[in-house]
Each structure stands twice: as structure tokens, then as C-alpha cells.
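Morning, everyone. Let me put the structure on the screen, and then we'll walk through strands, domains, cores and salt bridges.

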Amino acid sequence: MKNKGLGKTITTSIVKYKAFFAVLVMLLFMLFPRTNFYSVFNILDMLNSASILMVVSFGLTLVILAGGIDLSVGGSLVMGGILTILSMNVMPMWLAILIGTLSGAVIGTINGYIIVYHKTEPMIVTLGMSIILTGIAQELTDAHPISAEGLSFMMIGNGRIFGTIPNLVVIMLVVFAVFYVILRYTQFGRNLYAIGGDYEVAKYSGINVRREKAATYVLAGMAASFAGVLLSSKLNSASSIYGDQTALTVISGIVVGGTSLAGGVGGVGRSLVGLLVFAIMENALNMLHVDAYIQQVIRGIVIVAILALDSYDRKRRREDV
Amino acid sequence: MANKENDIILTMTGVVKTFPGVKALDDVSIQVRRGSVHGIVGENGAGKSTLMKILSGVYTKDKGTIIFDGETIETTTPHQAMQRGLSIIYQELNLVNTMTAGENIYLGRFSEVNGMKGTHQKAREALDRIGSDIDTWTLVQDLSVSRKQMVEIAKALSFDSKLIIMDEPSSSLTQDEMKALAKIINQLRSEGISVIYISHKLDEIFDFCDTVTVMRDGKVIDTRPVEEFTRMDMISMMVGRSIEKEFPERPRKVSTPLMEVEGIKTKKLHDISFTLNKGEILGLVGLVGAGRTEIVRALFGADKIKAGTIKLDGEVVAIRNPRDAMKRGISFVPEDRKQQGLILPFSVENNISIATLKNLYKFGILDKNKERQIAEKHIKTLKIKTPTARTAVESLSGGNQQKCIIGRWMEIQPRILIMDEPTRGIDVGAKYEIYLLMKDIVENGGSVILISSELPEVLNMSNRVLTVCDGRINGEFDPEKASVDEIMAKALGVSVEGAMA
């Protein structure tokens, strides 16, 4: 350990902060072609589009840290948007937003209860939940996009502070701060690391493993439906199809960021960077006029490549020991 | 009288625990004095672990009373037990590998100690108390087993434990680490903290303990002050029959060279050369990490060989991976049976047959009956204690798991059987069976390479002993002539002039 060469130290840190380096590499690369990539407008716009999925990812990160998975975040996102827009017709906007956001908490409570208290496989339970939610969403909207009346709701997702910084970016950063503090500075947050790291040990250490684990689903559902509120405000519409790709896109971002699907390792900071990788990549490829289908291929390759680096790292570390 | 009662930290009276089909504990009564080290010995399945799990709240007792520190305890949870001052350090360590040492010590008490800063401060104090220099910020997965144990002890102390139970604490410790543990145990005793010490290693029991309880088949056979025991009667009580000796007669069938290793180099090894003869048990002795495991890993094709040759029957052979090795009749019973040897959710029969499955196909279909027969055969000869051949291996005790692996390699009928710590965590009776197996193999023309930290075992079973130090073979001994000190000194890399007999 002590007399490691500089080269080795560099490789180690690249592997450790791979998502961060991927961001750096892309930023450097974009210095060369003549594009508008480095305009303030573009960068803020890029963050703006990424914010909504980032908000979803912060909640989902908690679930994954505690060793679970939630495939129903797309459903929660959709429900958040639809319920907010529907409620707005009959009540004040703030109450509608609250209802939209809390819908995810209800969904998460059901998920958590079934998964934790009845010891069922989270992947299946949340997959089933997401199918149910899609059905409900279609029923509620007759499978057509619905929109809100009046412009005030749209202002949340499209407004800019001081006329430059998009509201969504600011909201995302606030949500990030909340989750960061939870994970870092509260007993609950540290317990999640213990539960994901070793469930039995956590249990025997007097941690209320079931309650804490169930709580992660509630928070993930809430974050997702809140993101749904933001999305419907941004697009001024809500539809049952908006959440179709959400779960897998967000999960791949979380994993690329460095949170382990096995649980116990990671954090919301990493998820933010992981999703940033995809945001920058998409933006850059668009700037370079890369065909949309090819973009998909590249995205898939990047996911696999970054995860392959992970297993290379593990292998190398094993040999070191 | 009151004074005397105050002298007792733990009283268990008539404790009974029944599992479906098994009476795991049958009217067990034990008293532990304050500030004493109380040893509990017994074969695997004697009920030691069940008893400890009842104390710590993992299991609930069916009957009986438990009084801890003057308080009658009906039901408890592991956490409550710890808060009352009763901690257990398990054989399988109970730490979260992905978290830091400090966080593990104060696991679940993050807010009690005021967050991260307090956690590490208090953890530092706990580690200092046992004189450990472990950095509280190190991830537990990066610590060696013995250091993990230190973290566990520090954790126990952080709860102001009055009684610490150590379940096989020494099973993976080196000699030096043992000395450190001995020091800590003595310190605990002088601070008035009681220790229940469970071990298979009788040497340690005699070294550390004030009082010893022998258990067999869920019952307490006897409790006496340690001075009133002799080694042999302790063993006899454990196995329930008198044992004349711990080791079988040394096999004497050594003939011509079978495997010649010349100048092997790997990442961790430098210039390893030795010869293994037919019918020979060759002992490898060295500290953990000195290279003994690495040598056999290289022979088995598990580590990449950078230079050197291996000859079998005088012919150079290439062993690039474990498959090559197995084709040439080399089998390896690894040290870490859980990680490298067994597929835990698989049944006993599946685990035994896994390496010889290809012989069990009839017209491309697995012959289940034959598989069963083979498994039954080994269950019988090795005396594997399992309800049926279909029981999952994970539900067996450690010793019986080990026997399943041995059964697997017996089935291959290896020419060379490599055994890395074959008797770790195994009780006296089963050990003897394993020795007989080794003997059986060499008497049928095979050879055995035996790695063990238990020197008496190596000295009594081997025909020849090689010492490994720093990735090199630095000595060769005739175990019938050499002394323990001499071999140990060499393995430690100490100059032997003073120790020469």
C-alpha cells in the first residue's frame, strides 16, 4: 500500500471516481469542436433537463443503498403529475402539488410494507406496482395527455431565478441538499449504509431494519412523484407514458455514479454525477449532430464500459491483497 | 451469602432448547463468576453455539432461568443483551464490511455519539483501551481477520460489557495475534469483566481459562477449575469415550518422487523448489501470509506462475488453471470453505458430487440415484451429521461442512490432495477422522500436502515439514526429530542458533 507508484495511484483514483472522470473527459473533449456547448445558456439548459431525473435518483439512491430496488419510480412520477393537474381544477395549486407529491409517499408505503413486512422480492413487487400505476394513470387520463389551465403552474418548471438560473436546477439542488444531509448526518442515513452493507449485522446492532428499509421506499416514491410534479409543470402536461423509461435510466445513472446495487456503498453525490454523465453525453452528441439512434448505442456502450471498469478494479484489488 | 451471589455475573439453570427433531440443549446449568475466564469446550453440535445464541437473544429458550447481573432475563434481543452488558464476538464476524471501523463500533448509535465526529472520537477511545492502533477511518473490509476481531472487542467494550463471549476467537489468528488476544483477555479479567471463551484448541483453554465446562450432546458433562482437568480427560469427556491418542499412527509409505517443483515464481513467491514423494504427507508451516497458501494455489493453477516448472512423474506439465490441475489428479481443499469450497444453498449430495458430475451422466441425463448413493457413502464413512443427503449445506455445522468438501475430493480419488487448514474449527472426534482419511490416501499411493497452523497436527501427521517464510521455503525438517521451537523459529525467520537442539 505504502510504496505505490504514481501511475497506480492515478489509476486507482480514476477507477474510484470514474463517473467524475467521465464528466471531465467529456468536458475537455468538448473544448475542441466548434459548438455552442460552452455557452452559459447551454450548460444551464443541460442541467435543467437533467434535474428532474436527478430528483428521482436521490430518492432511489436511498433504496439501493439499503439493498433494495424500486422499479415503480416511473409510475410514481406519472401519478405525481397527473394527480396534481387533475386536482388543480378543484383546489388551490399548492394543495394540488402537495397531493401529487404525497401520492408517491402512499405508493412507497405500500411498496415498503409488502416488501419489508412480507419479505417479498422488491424487484417483482415494484414491477407489479409500476404496471398497476400505468393502468391507473391511463384510466385517469383516458390515455391522453392532460394539461393544466392557466400559466401559473407552468411558471414553476419554466421560470428562471434572476432571469438566468432555471428554477428546476435550484429545486434539484435543494432536494439534493436534503438527501445529502439525511445520508451523511442522521442516524437514519448511517443505518441505511449498515443495512445495505450487512442486513443481519445491522439487525443485531439494534437497528430497526424493517422500519428504516420501508422508509426508503416512501422517500423514493415521494421524490419520484415530486419529480413528476416538476415534469408536468415544465411540459404543462401529464401523461401515463412519461415514466416509461424513468426507472432504468435513473438506475443506470446511479450505478454508473458508483452506488453499488448490492447495497451499502454510494451516495446521492455519486448519483448526481452519474446522471450528469448521461446529461453531458446527450447534450454533446446533439451538439455534434450525432444521429439519435447511434446515441442510444453509445449510451449503452458507456454503461457497460464504466461497469466493466468496476469489475476490473475489484479483480486488481483482490490480487493486491 | 449476599456477597457470594454478587460474585456471580451469570447463572443459567435448567436451560432447554428444542429444535424440530433435535434437543439442542438439555437441562444446561452454568455459573460464571465475575472477572473470570470461563472456557466452554465440546464437539461440534454439542450445543455451545445454541447456548450462546440464547444468551445473546438470537434464539429464545424453551425452559429454564437465566440471571444476568442480578436480573432475571426472559426474552432478549441481541441489542438489548449488549446494552445490558453482554456482548458476543462471533466466529463469523459481525461487522459491516463496507463501513469504517469506527462506524462499526458505534453501529446503530450514530445519534447517541453525536454524529460522525463523535463516532470516531469514541471509537478511538475504545480501540486505545485495548491498545490497538487501527485507524477508525479504515474500511473493515481492508482489515485482516485479527484486526476485525480487535474492532469487535472494542465494540463490546464500548457497551460497557460485563461479560464478553468469544466464540472460537483464535481460529484465524497467528501466534503473534494470539499473544495480543491473550493480553487483552488478561486485561479484561483484571478490570473485572468476565469472558466466556469457546474454543477447540485445548492449549488455549488451559492457558487462558480459570474454569472449564465440558459439553456433549446438549448437556453439561462437567464444570471444574482448570487445574483439575488433564488434557486427556477433557477430550474423553468431549467425545464420550476414552481416547488413547489424538493422532493415528504416522503413515510410512514414502517412495519415489511424484511431483517435482522447480523454481516456481509468482507475484508472492520467490524461487520455490521441492519434491513431493508418493505416499508422503508433506507439511507446510508458516505464518498466515508467508506464502504457504500461495504455494498450493500456484500448484493448483489458481495463481499465475511466472517462472519455474512442475514435473509430475518426471514429466513437465503445464497447470494453467484449476481444471488442468484436477485433470492431473490434484485436488485442493481450501482454507475458506465458505467462499471457495461450498455452494451453501446446495444440498449435501450436490456439493459432494459437483466435481465428479461428468461421471454421473447416463445418456446425457444425470443419474440421480447414483449421485445419492455416492453422497450416502461419504456421509457414512465421514460421519457427516446431516438429517438427509438433501439438506442444504448451509444448515450444517462448520465441521460437517468441511467434511462435505473432503467427501467431494475423496470421490475424485486424487493422486495429490492439498489440504489447507483441514481441521480448523473442527472438533476432536472429527479431526481424528480427517487424519485417518489422509492416512488412507497416502497408503493407497497418493500424496498429501498439509498446511496447518496447528503445529502438533503437522508434527504428528507429516513425513516431512517445510517452513515457508516471506514467499520462500527456508527450511526442511524431519518432524520426528525436530522440535516445535526449532520449526517455529525458522518459520518466523528468526536465527535458530540459540534454538538448535
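Let me start with strands in chain B. S4(B) and strand S5 (residues 71-72) of chain B run antiparallel, joined by 2 bridges. Strands pair here if DSSP finds at least two bridges between them. Helices (H or I, at least four residues) and strands (E, at least two) are DSSP runs, numbered from the N terminus.

Some ground rules. This is a predicted model, where local features need pLDDT of at least 70, side-chain atom pairs count only at pLDDT 80 or more, and totals for chains, interfaces and linings use all residues. Residues are numbered from 1 along each chain as its sequence is written, chains are lettered from A and ligands numbered from 1 in the order in which they are written, and side-chain values use heavy atoms, leaving out hydrogens and water.

Back to S4(B), residues 63-68. Strand S1 (residues 8-19) of chain B runs antiparallel to S4(B), with 5 bridges. Take Ile67(B). In S4(B), Ile67(B) is the bridge partner of Thr11(B). In S5(B), the bridge partner of Ile67(B) is Thr72(B). S4(B) and S5(B) form a hairpin with 2 residues between them. In that turn, Asp69(B) has a positive phi of about 55°.

What does the side chain of Asp69(B) meet in a salt bridge? Arg34(B), at 2.9 Å, N to O. The pair links distant parts of the chain, 35 residues apart. A salt bridge means a Lys or Arg side-chain nitrogen within 4 Å of an Asp or Glu carboxyl oxygen. Asp69(B) is partly exposed, at 26% relative accessibility. Arg34(B) also counts as partly exposed, at 30%. For the cut-offs, buried is under 20% relative accessible area, exposed over 50%, partly exposed in between (1.4 Å probe, protein chains only).

Over all chains, there are 27 salt bridges. One is between Arg190(A) and Glu103(B), 2.4 Å, N to O. That pair crosses between chains, from helix H9 (residues 187-197) of chain A to helix H4 (residues 101-105) of chain B. Arg190(A) is buried at 11%, and Glu103(B) is buried at 8%.

Now the cores: buried Ala, Val, Leu, Ile, Met, Phe, Trp, Tyr and Cys residues joined through side-chain atoms within 4.5 Å. The largest nonpolar core has 89 residues; Met54(A), Phe58(A) and Leu60(A) touch the most other members. Apart from it lies another core, of 47 residues, including Leu95(B) and Met234(B).

Last, domains, with bounds from an automatic or database assignment. Chain B has domain 1 (2-239), domain 2 (248-329 + 414-501) and domain 3 (342-412). The C-alpha centres of domain 1 and domain 2 of chain B are 34 Å apart.
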